[in-house]
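Q: Could you zoom in on one part of this for me and talk me through it slowly? I'd like the geometry first, then the contacts.

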Amino acid sequence: MSVPVRVSEAAGFAIEVEDLAIGYHGKPALSGVTLQVPTQEIFGIIGPANSGKTSFLRAINRMDLMTAGMEVSGSVRVEGRDVRSWRNPYALRQRIGVVFPLPVGLPLTIYDNVALSSRLRGTRKKADLDVIVERCLRRAALWDEVKDRLDSLGSLLSGGQQQRLTIARALSQDPSILLLDEFSIAVDPVTTMRIEEVLAELKSEMTIVLVTNLVQQARRLASRTAFFLTGELVEVTETETMFEGGAQDPRTTAYVEGKFG
Amino acid sequence: MFEATAQNRRNRKVEGLFRLLFLWMTCMLILPVALILGVLIVRGGPAISWEFLFTQPINNMTAGGILPALVGTVWLVVVALIASVPVGVAAALYLSEYAPDNRLTRAINLAIINLAGVPSIVHALFGLGAFVIFFRFGTSILAASLTLAVMTLPVVIVATRESLQTVPLAFREACWNMGATRWQTIRKIVLPNAISGILTGVILEVSRTSGETAPIMFTGAAFFLPFLPQGVLDQTMAMSLHLFVISTQVPDVPEHMPFGVALVLISMVLAMNGISIAFRVYLRGRKKW
Ligand SMILES: Nc1ncnc2c1ncn2[C@@H]1O[C@H](COP(=O)(O)OP(=O)(O)OP(=O)(O)O)[C@@H](O)[C@H]1O
Ligand SMILES: [Mg+2]
């Protein structure tokens, strides 16, 4: 389906997806997705469980290569370039930060968690790493809570803190695209609000794809929202329009109003 | 008020019964171990002395010590480890971290588990054919240790694979999503968290290797050789074979000697297992998630 977009030419699209289909072991999980994500905005994705949201994100950074039985067809372009034309998928993934539904504090110290990505890229100097670690933890609104214990284990932080650590780690990749998969599922409302504030600020520097199970979160943050339903893209609409009852499809309206099924 | 129903009471009785049954079985398990140890200590204890541990056997092995056998066992185990651990760990890394999860991989995994069940005498004949004769190592420590290595490889692989699999997939996925390669992920996250488990497996393997008799009998262990081995192409005595020989093949061995050898052998094994248990406790104390 074609999607109406009104973006200045200069801004362009960070992600362009055309006729994307995803399957696992031959069973289709998502099909016929065509959409564009403009640069430097928050793009919301909502939809019930099993609708293919996570699969969609995995296709963007080529995690299909690491997932047994996952097949992707159609085209995904990141910053104008087909992701399958990257001979080095690791370089592609470095440009894309990912945050998972459940926080993943790696079994390293807080410092090492945030420094890991830079180290993998060959940064060795302690002074450089210090700067990166502090900047990313600050931007993830975690610095004040952990600055005195950077040497303790990241995996022992509370769930909400670990989720911000995950965000700090994603930011340490200096990504141009940030993919968030239901980040608030294991996080209390106060932390969720703090992270949402962080995201609103980050928008000016990177493109954010926000998969969320809270439709109100999409409403608060996203300029445009896509509605996925059982392996199909129902529509992409300006978020305000969608929530004001202007959705193109009655199923979308039913879903955002919580009257589903 | 809550009243216990007849069903509740029955459940409770059954619960108690099973508890007792399992406790009883556990005692049955401990009993033979305790008996073996007790007999060995009582009957072999008097044989243990400085001289017993550190001198050559004399008078057709009816007197003197067991030094060449002790040293020989250490040689055999160390060379077997050097041969099997790098190969086993690498194979386990490949099978669990790189190999696609397809029918071939599953078949290979199954084959490895079955290989662990091959009787050691079969390994002995394989070692004789392959290492002694085909590769012309002769009957030597090298041939015997390689035979032991082949025999214990499946154990190393299975132990390593199991400890790799205790590291949650979410950690790997987080690394991959950051652009880390599989090797970077293994080096930074997987191996550091699996290493204690791998070491535990290796130590258990050592204790098993040191007690094996059949695989070394045709391939490198000698009945009687009152010299210390000078290199891997020498033959050597070994504790397990020595025990077999003086208990069955040599007349007029004083009673306490076989028990003494057995006691030393089992002490080695228990010490090794003790270290492995200590590792596991250490590992649990350091669990990072
Ligand atoms: N690794 C996998 N192997 C096999 N099937 C998978 C795999 N991952 C997802 N699927 C299947 O793909 C379909 C879509 O799953 P996906 O995780 O994309 O949904 P989702 O919209 O993210 O759901 P949720 O809101 O519950 O996270 C499901 O039917 C799921 O069973
Ligand atoms: Mg999901």
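Predicted model: local features only at pLDDT ≥ 70, side-chain atom pairs only at ≥ 80, totals over all residues.

A: In chain B, take helix H7 (residues 169-177) and helix H8 (residues 182-211): their axes come within 10 Å and cross at roughly 130°. H7(B) and H8(B) are therefore oblique to each other. As for handedness, the crossing of H7(B) and H8(B) is right-handed.

The shell around ligand 1 takes in Tyr24(A), Ala29(A), Thr67(A) and Glu182(A), along with Ala49(A), Asn50(A), Ser51(A), Gly52(A), Lys53(A), Thr54(A) and Ser55(A). Sorted by class, that shell has 6 polar, 3 nonpolar and 2 charged residues. Helix H1 of chain A (residues 53-60) is the top contributor, giving the shell 3 residues.

Now the polar pairs. The side chain of Tyr24(A) has an N or O atom 3.4 Å from a nitrogen atom of ligand 1. Over at Thr54(A), a polar side-chain atom sits 2.5 Å from an oxygen atom of the ligand. For Ser55(A), an N or O atom of the side chain is 2.5 Å from an oxygen atom of ligand 1. How much of ligand 1 does the protein cover? On its own, ligand 1 has 630 Å² of accessible area, and the protein covers 60% of that.

Methods. Residues numbered from 1 in each chain as written. Chains lettered and ligands numbered in written order. Heavy atoms only, no water. Near = heavy atom within 4 Å. Polar contact = N/O pair within 3.5 Å; in protein donor to acceptor, adjacent residues only side chain to side chain. Areas by Shrake-Rupley, 256 points an atom, 1.4 Å probe, with all protein chains shown as cover. Helix = DSSP H or I, 4+ residues; strand = E, 2+ residues; numbered from the N terminus. Nonpolar A, V, L, I, M, F, W, Y, C, P; charged D, E, K, R; others polar. Axes fitted to C-alpha atoms, helices over the stretch in contact; angles between N-to-C directions. Parallel < 35°, antiparallel > 145°, perpendicular 65-115°, else oblique. Left-handed = near helix turned anticlockwise from the far one by under 90°.
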